[in-house]
Protein chains: 2
Amino acid sequence: MAEINYPKQVEKWGVFELSCPGKTDGNPFTDYKIAGVFKSKNERITVDGFYDGEGIYRVRFMPSFDEEYQFEINGNFSETPCSGNFMVTPPSGNNHGPVRVANTYHFAYEDGAPYYPVGTTCYVWELQSEALQKKTLETLKNGPFNKIRFCVFPKHYDYNLNEPRSYPYEGKPMDSSVLTKENFMKYVGEAPGNQWDFQRFNPEHFRHIEKCICSLLDLGIEADLIVMHPYDRWGFSKMNAECDDLYWNYVIARFASYRNVWWSLANEYDLMPQKTISDWERYAQIICNKDPYNRLRNIHNCRPFYDHSRPWITHCCIQRQDIYKCAELVAEYREQYKKPIILDEIAYEGNIQHGWGNISGKEMVRRFWEAACRGGYAGHGETYFHPEDILWWSHGGELHGDSPKRLGFLHLILSETPGLGLMPIRKGWDEIAATVEELIPVSGYYLFYYSFMRPSFRDYYFDDTNDYNVEVIDTWDMTIEDRGCFKGKFRVELPGKEYMAVRIRRVKE
Amino acid sequence: MAEINYPKQVEKWGVFELSCPGKTDGNPFTDYKIAGVFKSKNERITVDGFYDGEGIYRVRFMPSFDEEYQFEINGNFSETPCSGNFMVTPPSGNNHGPVRVANTYHFAYEDGAPYYPVGTTCYVWELQSEALQKKTLETLKNGPFNKIRFCVFPKHYDYNLNEPRSYPYEGKPMDSSVLTKENFMKYVGEAPGNQWDFQRFNPEHFRHIEKCICSLLDLGIEADLIVMHPYDRWGFSKMNAECDDLYWNYVIARFASYRNVWWSLANEYDLMPQKTISDWERYAQIICNKDPYNRLRNIHNCRPFYDHSRPWITHCCIQRQDIYKCAELVAEYREQYKKPIILDEIAYEGNIQHGWGNISGKEMVRRFWEAACRGGYAGHGETYFHPEDILWWSHGGELHGDSPKRLGFLHLILSETPGLGLMPIRKGWDEIAATVEELIPVSGYYLFYYSFMRPSFRDYYFDDTNDYNVEVIDTWDMTIEDRGCFKGKFRVELPGKEYMAVRIRRVKE
């Protein structure tokens, strides 16, 4: 047995990592395997390891029980197998475990703490300059977001003509000096002049992403990793099946053990005509086989939805299909798919020329409330014009919009529900009404949202016997006004403004 | 032959009226008939007359040619028939004739002048106090509206508990002192304590409405007469077929000759369960038989549309079916019905408790532009809270909202099109694009609307050879900024605000 150093202690839902020297001849990414078996009283998990360059192979593992673990490392990467044991301690600090689907429509951390997603999208924030990444993390630290969508591969598109900080493969990119704001579209999905070895990863690229995943974890933010996407000028979207599978296995071996990782198979899968449904299903099978932690899995559309009823899809990640109506359809989507609904991409707050990137902060916040009161969740994004083309949507940096702090306010309201999330109920046709999922009529909790309607008052009635506390919420001005207690049929005066909500909670005896 | 006085001259599309003394025994409304035959070189029209009380029968006629007419009056109303002739002079002043469907989707006056409807609704403005009616007419005179929807019967509903200035029948209404804001709903469609003779009209009620129709005509406003409606506590919505038909005949005999009259068979026909499709079809047949001028005919829904493909329906009068989306569906409605689309009731600007009556002025104006740029028209209404329950929507009076003057601005833009109306065309997915109906590619006219989207610029391309004049229109601030001429592919800088439009017109050589 080889002597290797490894931590003798790790906390539950933390990452246990082993690094083992191994063979470097040939192509270590394809010629050699490394795997680990981790055993404790309550679980037995096999994971693949990966080659991390410079003669080092690594195996990572996330323990789910606080007890003693033994491990054995094997594979042809080395002639000398190794084994050992370590102790798993209870989780500390803000470690609540991975986020799971808790009750059909909502999420919770594995320890039971509620998780109400308030996500944003910064497609390639981690591939920008160090200074910009630092700024992004600072913004995230001070912002409301607890999930971020971003890509493993670099992005090529309008406002995305620059080079990423690193590439995922050994090789050389096309000459990007030929790109202009006028001609960039003709390079989308094309890859003239690129020279990559799709069988030799650039470990530094992935190490960096791991560092970013950990930085997000420190901030309590889930990393909704977009593993494939169409906005490509390097050929990463057009690899053959063998290389795709190699990539998926590598990504899983490296990233799966971080408890804040979610698998987003694609951004806009339907804009990748070179991939078929059988390709996506094969990738899904690889994840299901190789990710022993059953991390959340989604696949995001541009126009037609992927069939979200597929069993491997844990929740619906939906881009709006209609300019005018999307968050308003959440109840129908719930009914159809019986899964949590997250609307990622309901247009971005901003002012760029594209219709997907120029709604107001007020409209963004309205869409979030429409989604939340229908028992789902919306996702944020921002595309304000910037002299250096630094748009939060792709590059991160600073936020310029009006919506983020109001989204934090919505999160506060959600955090004050007595359950894991909201469920739409039918009250007036001209209000969006919610109670707590699965707790009717026990909860005595009601949230009414009036969207762009501006009633001067509304009447309510629940029963004749209980007292109800009424609060008038201005979702834009972020105020909560306590109106005291009411019984029977009662009227609540409202200010005749847009974006008002009313929260009504039964007073306990 | 009897000697009667009558005008010897009337202008084309004006009203020629004869009053003849006749029998008063029995029930003159049902026992006796009066009819007139009007002949000129180019037309021969038979019309019913009507009993106007106090021993006077009247016959009205609208001539459509400027030439000499002969008439003969007959019927059992009198033992002495009469006849005569008169001269029809060309139309004067702003008399452009009746409004017609001109080209499948749009309207024009009979003389060919375009008519772009900008309508409003004041359900029973004409049944309020004299002072309030005067105020309404003053408001209309200074406002943008060229069509108004209102009812022949009085209205009972929330904010409509008062007595009308007059009733259409002889008799006595229920005691309205029992009504409260809490109990009014249980009287809708019920009629306890009413005592009416549905076979004896109150001519003064109808004379007054005629006066109002003429006042509107003086202001250039079309009278979209709602002949039946469900918001009733007097039993007028529940008469039997015989009385209904008597009513329809009376209404047509009295009102049909006013050139600004449109027939709206019902407001919210589907909320009158006592009426069947065969009833509505029978009323339609009465109109088609008895109105010799073929005035515009529509029937308005609450929820399900009436089948607007019925041949007697000249244009679709549509209430929105969805809180969020309606004006955005105009192109689909055009495609489906191949008739002009008027969205009357897309929610009212206001702040009352009902969701149909509390949108902002900005949202109202946005809906008008969405409809217009899709080749249709929206209708205005206003329901601001008022200490004396005087809401424009039902009572008229003063306007308090932000939208009306912007609707006048939209009318100005429509008036500047080179045709009768707009036609939607497919350009970018994220803009609403229109050109002039039936004139492509001749017109060289394009109107782009960006709704709640806020682009900082947009690119356009039509051809490489023509110059195009570009104007940036702020539909809310009502400004038109001339940006000069462009050729080929060009970019227009925009302010990144909501509610912007761009008008592009080919420069003639």
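Biologist: What rotation and what shift along its axis superpose chain A on chain B?

Modeller: Two copies of a chain are related by a rotation about an axis and a shift along it. Here chain A is brought onto chain B by a rotation of 180° with 0.0 Å of shift, at an RMSD of 0.0 Å (least squares on the C-alpha atoms of residues with pLDDT of at least 70 in both). That is the relation of a two-fold axis. The same surface serves both copies, since 100% of the contact residues of chain A recur in chain B, contact meaning heavy atoms within 4.5 Å.

The model is predicted, so local features need pLDDT of at least 70 and side-chain atom pairs pLDDT 80 or more, whereas totals for chains, interfaces and linings use all residues. Residues are numbered from 1 along each chain as written, chains are lettered from A and ligands numbered from 1 in written order, and side-chain values use heavy atoms, without hydrogens and water.

Biologist: How do helix 7 and helix 9 of chain B pack?

Modeller: Helices are DSSP runs of H or I of at least four residues, numbered from the N terminus. Helix 7 (residues 361-373) of chain B and helix 9 (residues 403-415) of chain B have axes 9 Å apart at an angle of about 20°, and are therefore roughly parallel to each other (angles under 35 degrees). Their contact includes Phe368(B) and Trp369(B) in helix 7 of chain B and Phe409(B) and Leu410(B) in helix 9 of chain B.

How values were computed
Axes are lines fitted to C-alpha atoms, for helices over the stretch in contact, and angles run from 0 to 180 degrees between N-to-C directions. Helices (H or I, at least four residues) and strands (E, at least two) are DSSP runs, numbered from the N terminus. Angles under 35 degrees count as roughly parallel, over 145 as roughly antiparallel, 65 to 115 as roughly perpendicular and the rest as oblique.
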